Amino acid sequence: MYKKYQLKNGLTVLHVESHKSPVVSIQMWVRTGSADEKKGEEGLSHFIEHLVFKGTQKFGVGEIASMIEGSGGQLNAYTSFDQTVFYVTISKSFVDTGLEAISEMMGFPAFDGAEIDNEREVVIEEIKRGLDNPHRQASRQLFSTVYKKHPYRLPVIGFAENIRTVSRKKILDYYHSRYVPENMTLLVVGDIDSSEIKKKVKHYFASFEPYKLKKIKREKEPKQNTSRISVKKAEFQESLMYLSWPLPSAKHKDIPAIDVFTLILGQGDSSRLSRRIKLEKGLVNYIGSSSFTPQDDGFLAISASTSPQKIEAVFEEINKVMAEFAETPPTDEEMKKALVNFNSEEYYSMETVDGMASKVGTYEHLFKDYRHFKEFMKEVNSLTVKDLVRVARKYMKPEKLSVVVMTPELEGEAKAAAEKFKKSYKKVYEGFDSLKKVQSGSTRYKRLRWTTKGSKERANQIERVSLPGGAEAWLRPNFETKVLSLKAAFAGGVRVEPEGMLGLTDLLSRCWGRSTKEYNEHELSNKIDSLATSLSSFAGRNTLGLSMTSLNPLSSEAFELFESMATDPVFDIGVIEREKQMMLEYLKVREDSPAQVAIQLFMSRIFEGHPYARDLHGTEESIGRLSREHLDQVLHQTIGTKNMKMVLAGCFDPEEWREKLVNFTEALPDGKLVSNRFFVKKRTEPIFEYIASKKEQSHIVVGYPGLTFTSKERYALQLIQSVLAGQGGRLFLELRDKKSLAYSVSPLRMEGIDAGYFGAYIGCSPEKGEKAIGMMKAEFQKLMETKVPEAELQRARRYLIGRHDIDLQKTSSVSSAILFDTIYGLDANEPFEFADRVNGVQADDLMSIAQKIFSQPEVTVCVGPEKP
């Protein structure tokens, strides 16, 4: 049930009732973003997003975060070009707490001078972090090329100089001119009673001062009449490419057709761009197409990641795909697949309250009508091939083209390739004239039919099923959404990799499920995409498996593909060689992410001598040795009923699916149970490792040997993580809020079969590294020496339980939780007894495990421009 109204002060309020799970999303959408800032104000909206967390008239620094997290909720915000959104996700039992938090932040922020100064450093650290990110830098290059006058050309985060110098008065003036009730929309979505919520909303929000809204007139972007090329050299490993063409705003009547066109062109493995350029040619790490359709004019983009040597070839292949489009417009099959995916997304988005709120908020913000989604889908379902052809011809004109390339080398060659593409694209576009003859076609979307059987009395009850050959399955039906998730896992993973074959598990997860005896790679990906289904293999340090997420009416067809992938896999030589090349590219590109490099370095030292120390992605030398025979050998060693656990959760008929799983299991070999054990070398001295990196920030990990999956102390260690984590946690408060050392700081924890670790990560300026290491160790020391106060412990319990419950909204999360507990020897009901187990942990337990963990010699690693 939807309900929309307005308070006397002008605040728009929208309620959406959904009783699927006892969770509520409270979001405040403000119709102001970076595109509303004037010269000298760039970054002010984002800065204010930070500052409202820094205290209000009623609450001090960190108190709101502690209050929300102490109620099991999550609190965050984001800033975009057109809006700033503040949101709380919380149990329905604490909806008042969530409403009060949003009310205080949005209506009564303190903007304390000292806190403003502290937060300047945090935002500047965030800006530095963005400078180290190739995708953010390439995106900035794209927007500054596409937009020459409109404020979309400027980064949302703004500029460091503005953040350093902006005054408190200027912040207050801007806030009171834009963050006013008539410019805000409050969403309350989830397990609520609208009549009760309306009273609460009035209580918390009616007192907002109705300041006068300052109208902003954005500078319009002139029409683009000539093509543009921007090629830049950057100190990153990968080359990023964009082709773009201007589009009208989200309100334009052509947007539904554009969205469907971009899906067919470049979304999913069976799309035209991905099929040809990634799968068949192996030229890119990824390629896709999308439409950016904001409040003002947007653009259509083709984006790709490749190596410098392949840029020209990628351009050539894109032109071939576009020429093919001129010769062979979208087929009825492609149209049907696109429409099934668009309509299925309506059901997938209903799985979480945040997903529902985001969709409702987006349509309310853009159209001032939350119901516009239905009109949009009506337009989508009425589209024909002729509509897609028309918008392609109308918007993808050569004179409207912008070409953007960011590359670490061969800059001159990249520019020449871009110029060559521009000229050849003109000829390709001339072929679009033939599309005028395309007929309307007859494709119309057929609504999915729900035929689910099964008693709702059995909902959420877990049934253990013994399957042929010693396999086991757990069934947990739930009929609140139409989503079904099936997972099968086999013990193994990196633990069964032969010596010297680093990366074999990663290669197996990339290649298994690409082809079967019945379907080649293209046929299989096309079938999966046509069912709006997620179906793929997964692999890690302990397991290998298959995962399927589908909608109930399409699940039987999807399961046939699942069966084929499990029982009749084929490892195509061409696919193997392509994926090996992509693995090598990943190793290069990973150098652009010093945080990942730091984590891998830490793993290699904390687990030295154990399989967990291995790099999952291999080395250049080891990848070169991998072959189809190695894949067949590991799959044969791993796949078998004696080594398999399965979980089915969501919307399904237990009787029907029990029979399906029995038939499926009978087709598998018995195999053998993989049950190997390894040991980690015990250390007596601390370790410090440093890798030099030419980046703006240092990335530091400090950690200690941890626990295993079955350790009885693991809940106490999770609570220690909770004490340290979140905006109300000790690491955030001490290192970020009080000392402004970093934008990103968080605890780290991993449990394994034989060993685990616990520690903390921080990304900071290099001159702050030594202090950051000292402060992280100091926080660990406090936990050893002083009991966590009961109030803080209660906050940690609720935070941990709340996040757990929020995470289990998705059907796939439920199936994963049951699967991995059971395969590691835990009870299938443990994910649903989580609260009881956490509440049973006391302060003495935390001190005991802290003393056990933090008294060990630590491992410290740093990847950055200078040694701390």
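Begin by selecting Phe758, which counts as buried because its relative accessibility is 0%, and keep in mind throughout that the model on screen is a predicted one.

For the next stop, widen the view to the aromatic pairs, of which the count comes to 43. One of them joins Phe538 and Phe820, whose ring centres are 6.0 Å apart and whose planes stand at 70°, so the pair is edge-to-face. Colour strand S16 (residues 534-539) to find Phe538 and helix H29 (residues 811-823) to find Phe820; the pair therefore ties together parts that are 282 residues apart in sequence. Phe820 itself counts as partly exposed, because its relative accessibility is 26%.

Now return to Phe758 and Phe780, which form an aromatic pair that is edge-to-face, with 6.5 Å from centre to centre and 70° between the planes. Since Phe758 lies in strand S23 (residues 757-764) and Phe780 in helix H27 (residues 769-785), this pair ties together parts that are 22 residues apart in sequence.

Then select Trp245, Phe261, Phe315, Phe325, Phe421, Tyr425, Tyr429 and Phe432 together, and you will have a cluster linked by ring pairs.

Definitions and conventions. Residues are numbered from 1 along each chain as its sequence is written. This is a predicted model: local features need pLDDT of at least 70, side-chain atom pairs count only at pLDDT 80 or more; totals for chains, interfaces and linings use all residues. Side-chain values use heavy atoms; hydrogens and water are left out. Rings of Phe, Tyr and Trp (its six-membered ring) pair if their centres lie within 6.5 Å; planes under 30 degrees apart count as stacked, over 60 as edge-to-face and the rest as tilted. Helices (H or I, at least four residues) and strands (E, at least two) are DSSP runs, numbered from the N terminus. Buried means under 20% relative accessible area, exposed over 50%, partly exposed in between (1.4 Å probe, protein chains only).
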